[in-house]
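Trainee: I am new to this structure and would like to learn how to read its features. Could you walk me through a few of them?

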Amino acid sequence: MTTEIKNENTERVYPPILNLLPIRDVVVFPGMIIPLAIGREKSVKAVEDTMTGNKLVFLVTQKQPQLDDPGQDGLHKIGIVAEVLQLLKISDGTLKVIVEGAQRARWSDFTANEKGFITVGVEILKSPPVEHTLEMEALSRRAVAAFEDYARLSQKVPIDAIGSMNSITDPGKLADAIVSHLSVKVSEKQQILEALSSPERLGKTIQLLNNEIEILNIEKKIQNRVRNQIEKSQKEYYLTEQMKAIQKELRQKDDFAKELDEIRQKIKQLNMPKDPREAAEKEIQRLEKMMPFSPEATVSRTYLDWMTNLPWSTFTPDNLDIRRAEKILNEDHYGLEKPKERVLEYLAVLKLVKKIKGPILCFVGPPGVGKTSIAHSIARSLGRNFVRISLGGIRDEAEIRGHRRTYIGSLPGRIIQSVRKSKSRNPVFILDEIDKLGNDWRGDPAAALLEVLDPEQNHSFTDHYLDVEFDLSDVMFVTTANTLYSIPPALQDRLEIIRFPGYTIEEKIKIARNFLIPKQLKEHGIKLEQLIFKESALENIIRLYTREAGVRNLEREIANASRKFAKVLATTPNGKSQSTVVELDEKNLKDYLGIPKYFREKVSPNGVGVSTGLAWTEVGGETLTIEAAMMKGSGKLLLTGKLGEVMKESAQASLSFIKSEADRYGIPTEVFKNYDVHVHIPEGAIPKDGPSAGAAITTAIASLLTKRPVMKNLAMTGEITLRGRVLPIGGLKEKLIAAYRDGVMTVIYPEGNVKDLDEIPPLVLKKIKLIPVKNLSEVLGMAFEPSARRLLPRLSPRRKSEKKKRFRRYVGANKRGSKR
């Protein structure tokens, strides 16, 4: 049997179990009438069930409004018993209801109904009786006054609500009525709802009102400040226009007008071409119509500043004394005959015809060989200004062509920026690291450089920021790169390639004597006669402390030794430091530079199954030791040493060639079925690739299978085919310099590279015996030690039993060789 709970404040009786209706972002108070939109299925069913009975529901606010199906922990414990006054069904299945809050209550017994909604047990919460004292009267009046101030500031409270507050005598009901009209957080309203004591509730309400009034006053101050600022700007504009009118009548000019006149005067003095001059004058006309300190005026000023500071007609006169230029180039750099010769040719032609299209030189070579520094010497010999930009890592096309002026903070590209910095229209312009350009979704900088570096197009180069043509045809462009393979073919076509080879040991010693040592000793405050580098010391520094084609690390090691000696001088008593002299040789070098960084084998590693190849890298040539080993298996070819795909294919081609020529070299065919061949190239952490190691790999495998040792101090290079032809390779100059550096006495190379011998340094040609070959038969005929060079005649077909005997003899020889 259902029991009823009677409320003491009213005669109304409330059932102990009511349908639960969770609500979001709103708190309902007693006596408050509010419309609600009901969309959740459980809530719709709860309201529909209520309308068939007593029309009472229990409203409780969710803790997290984003939850669609809150559980017990997601609801506040205190809510409101409310009556549904009106219900309207919408076509999409939702409901709109108007409810009136009746009594505070605490819920319990959260139960899921079989009808699809939630019911809870409710406990009506009573407010303790309040005595109408003077203190309560004062609190009530203060609350009403604060509410009137809040309504005046917010202007969101209905006028009739303000008047109705004076007629409420109960402090608790007054607090509920006031809070229901406040635009405050749901959590703050929930605190008022949960306060059962009327004085406590009214006190919290007054505190909440005071906070809101303070916030509204601050908002009003901010609003007044913004309005005053707008009025001030309008006033300044009005006064400025009046000032202009007065100055026009008095024929006076303000600072802004003077600035515009100065810009016009600059344009006249610059002797700008027609199109840029018209663009600048048009921009001045636009600037005249703008407010002087508006953002648009700043953009126009910046544009005009760039236009008037570019060297439209400024040239530096060329010094065409060819002998002087040759002297300067030789003073600054040792060797590099080809680049020097090209610069002198350019000067000679310029002297004859007075004007030629600027050449686009591309210096290609390993780091530290003087590519960038020789460009400085070219500028000095010509008497031109010098400017340099590094292209390494640039991915945005706008870095070359500039940004359009529609973007905030836009600027011209680095080409125009550098020309402005050079202050002349014919500088020597070096583009460093052109092989390290990148590209992404922002464009391809290499494609943008096509217009810059094409002599047929760069006379009308258009930067996106300037949006007018600028003539770059008088600029002498010099680009540098470590390698060509990463430069797009279309860009390579615009460049005149000049290769910078690595230096030989003798050349490095001369460079150190003539350039590096004097420079470093001067920088460290040491006299030439105090620290003496003997030739043996320099040779050991080059061989044991550096591994490079250039001289950058050599200079670094000389600087290290100079610092050590500078410390010795600094710690020497006064008067004796000037007489301190040190001679560096191979004995005391370790005291200044520490233990050697690199190990150079004095004895050639060549032997049975070991050959030496030659490789080209971005930092110069290198020698490669190629080792081959054989073990029982199933005829597999194992490749290690971090080899690339091309080198792996070369190794496979080498083994296939040897298999096809097995009879000729006395190798039983059963070996290829019962043994695995393992080819390894040491320094396995370094990636290696390229076809030119084919000849060396073939020699190593052939030496292993025939047990014939490869000649000492022999290296080879050449790409091979399955038919045994040896094809030409690239980088012969760098490879031969590397072979000479590592003490190789004989080099086998493709006959197709005989044409490249003109570029080889004479000293290398004198010290190394060069043997050109056409095919692998010639390679194998010369690669083995003289005692093992005799090739077996081509074998005729034998019977099966004879083949087995021969195979057993071969295996027995291998076992004896391994024991030895």
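Mentor: Here we go through a sheet, a residue in one of its strands, a pair of helices and some loop residues. This is a predicted model, where local features need pLDDT of at least 70 and side-chain atom pairs count only at pLDDT 80 or more, while totals for chains, interfaces and linings use all residues. Residues are numbered from 1 along each chain as its sequence is written, and side-chain values use heavy atoms, with hydrogens and water left out.

Trainee: Let me start with the sheet. In what order do the five strands of the open sheet come?

Mentor: In general, strands of a sheet pair through backbone hydrogen bonds, either parallel or antiparallel. Here the order is β10-β11-β14-β9-β15, with parallel pairing. Strands (E, at least two residues) and helices (H or I, at least four) are DSSP runs, numbered from the N terminus, and two strands pair if DSSP finds at least two bridges between them.

Trainee: Which strands stand at the edges?

Mentor: Those are β10 (386-390) and β15 (496-499); each has a single partner strand, so one side of each is left without a neighbour in the sheet. Direction ignored, neighbouring strands of this sheet are turned by 20° against each other on average. Look also at β9 (residues 360-364), which is joined to β14 by five bridges; there, L361 has V478 of β14 as its bridge partner.

Trainee: Which strands does helix α12 lie across?

Mentor: Helix α12 (residues 371-382) lies across β9, β10, β11 (428-432) and β14, and runs at about 175° to β11. Helix α14 (residues 414-422) lies across β10 and β11, at about 155° to β10. For such angles, axes are lines fitted to C-alpha atoms, for helices over the stretch in contact, and the angles run from 0 to 180 degrees between N-to-C directions.

Trainee: Now a single residue. Is T480 buried or exposed?

Mentor: T480 has a relative accessible area of 2%, so this residue is buried; buried means under 20%, exposed over 50%, and partly exposed in between (1.4 Å probe, protein chains only). T480 sits in strand β14 (residues 476-481).

Trainee: What does the side chain of T480 reach?

Mentor: The side chain of T480 makes a polar contact of 2.4 Å with that of D432, and also reaches the backbone nitrogen of E433 at 3.1 Å. A polar contact is a pair of N or O atoms within 3.5 Å; within protein, one must be able to donate a hydrogen and the other to accept it, and residues adjacent in sequence count only if both atoms are side-chain atoms.

Trainee: How are helices α7 and α8 packed?

Mentor: Two packed helices are described by the angle between their axes and the distance between the axes. Helix α7 (residues 255-270) and helix α8 (residues 274-288) pack at about 175°, with axes 11 Å apart. Contact means heavy atoms within 4.5 Å, and the contact includes F256 and L260 of α7 and I284 and L287 of α8.

Trainee: Which loop holds N271?

Mentor: N271 lies in the loop between α7 and α8. Most residues other than glycine have a negative phi. N271 is not a glycine, yet has a positive phi of about 55°, and is exposed at 57% relative accessible area. K55, in the loop between α1 (41-51) and β5 (56-61), has a positive phi of about 60° and is partly exposed at 34%.
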